[in-house]
Amino acid sequence: MGTPSMIGILNEDGSVTATYCHFDGYLAHNGRVLVEHYNTPERARAVSIAGYFSSLSEDFVESLESAVHKNEKPVLYDSVAVYMKCGYNHAGAEYLYIFDGEAWFYAERYGRKTFEEVEMNLTKVKS
């Protein structure tokens with residue numbers, strides 16, 4: 001079994017575009033990879049519009065090439081509130097990530113119900 005997650009970006013119009021990631025969605029993996037390797041608007045957008053990852057690695061091309069499903073479309077949510085409410089329903093996602101243009105934030109299906117900054121929480125989790 002995996003730990004699915006959605007990885008999204010806040011668009012200028014307030015909507016959220018998100019990609020599904022099947023494995024390793026927990027904070028110590030996807031959270032750390034996002035903060036350390038996709039922490040610019042350009043990189044965050046690339047990840048968020050990719051559509052599908054089996055697992056996210058520090059190498060974007062490798063992540064795309066190793067994906068089991070190809071040509072999946074990203075999911076568009078009307079707002080952050082809709083993303084928070086409905087993002088977990090996409091293939092049973094357990095974590096939601098969102099980049100606001102400056103930092104990554106996360107929320108958990110079975111834990112944190114509001115978005116909190118990823119980077120400040122990485123010290124609390126084991127690598």
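How many residues apart in helix α1 are Glu 36 and Arg 32? I counted four, and that separates Glu 36 and Arg 32 by about one helical turn. Helix α1 covers residues 27-37. I kept in mind that this is a predicted model.

**Salt bridge.** I looked for salt bridges and the count came to one. Glu 36 forms a salt bridge with Arg 32. I noted 3.8 Å between their closest N and O atoms. The cut-off is 4 Å, so a pair at that distance qualifies. Side chains of opposite charge can pair when their charged atoms come close.

**Accessibility.** Is Arg 32 buried or exposed? I found 19% relative accessibility, so Arg 32 counts as buried. The limit for buried is under 20%. I then checked His 37, which is found in helix α1. His 37 has 24% relative accessibility and counts as partly exposed.

**Around His 37.** Which residues does His 37 contact, leaving aside its neighbours within four places in sequence? I found Arg 43 and Glu 58. I also looked up Ser 57, 20 residues from His 37 along the chain. The C-alpha atoms of His 37 and Ser 57 are separated by 8.7 Å.

**Strands.** I moved on to β5 (residues 95-99) and β6 (residues 104-108), which pair in the antiparallel sense over five bridges. Leu 96 has Ala 107 in β6 as its bridge partner. β5 and β6 form a hairpin with four residues between them. Gly 101 sits in the turn, with a positive phi of about 105 degrees. β6 also pairs with β7 (residues 116-117), antiparallel, over two bridges. There, Phe 105 has Glu 117 in β7 as its bridge partner.

Methods:
Residues are numbered from 1 along each chain as its sequence is written. This is a predicted model: local features need pLDDT of at least 70, side-chain atom pairs count only at pLDDT 80 or more; totals for chains, interfaces and linings use all residues. Side-chain values use heavy atoms; hydrogens and water are left out. A salt bridge is a side-chain nitrogen of Lys or Arg within 4 Å of a carboxyl oxygen of Asp or Glu. Buried means under 20% relative accessible area, exposed over 50%, partly exposed in between (1.4 Å probe, protein chains only). Contact means heavy atoms within 4.5 Å. Two strands pair if DSSP finds at least two bridges between them.
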